[in-house]
Amino acid sequence: MNSLKIAALVLIAAGILGLMYGGFTYTKVTHEAKIGPIDMAVKEKETINVPVWAGVGAIVLGCGLLLVGGKRS
């Protein structure tokens, strides 16, 4: 399998996951303090939304790459 087909499959998988979940959340440590034996940290949850058009675009682009990659061989 060449790199073009692998990239196409990754785009299709990312597009499907983007459409299924609609976004992802991660935790970011913003402030940290250590006072003697006590450790304190402030953690914030950040959410990134994946637009529907980005998921559909990734799927379409991945399918296009698969078609172009198949015709060259």
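Strand 1 and strand 2 (residues 38-49) run antiparallel and are joined by twelve bridges. Two strands count as paired when DSSP finds at least two bridges between them. Within this pairing, Val29 stands opposite Lys43 in strand 2. The two strands make a hairpin with two residues between them, and Gly36 in the turn has a positive phi of about 60 degrees.

What you see is a predicted model, where local features need pLDDT of at least 70, side-chain atom pairs count only at pLDDT 80 or more, and totals for chains, interfaces and linings use all residues. Residues are numbered from 1 along each chain as its sequence is written, and side-chain values use heavy atoms, leaving out hydrogens and water.

The predictor's confidence in each residue, pLDDT, goes from 0 to 100. The protein chain averages 88, and 93% of the residues score at least 70. Here are the elements with the lowest and the highest mean:

| Element | Residues | Mean pLDDT |
|---|---|---|
| Strand 1 | residues 23-35 | 87 (lowest) |
| Helix 1 | residues 3-21 | 92 (highest) |

Helices (H or I, at least four residues) and strands (E, at least two) are DSSP runs, numbered from the N terminus.

Now to helix 1, where Met20 lies. Met20 is exposed, with a relative accessible area of 57%; buried means under 20%, exposed over 50%, and partly exposed in between (1.4 Å probe, protein chains only). The C-alpha atoms of Met20 and Val52 are separated by 9.7 Å, with the two 32 residues apart along the chain.
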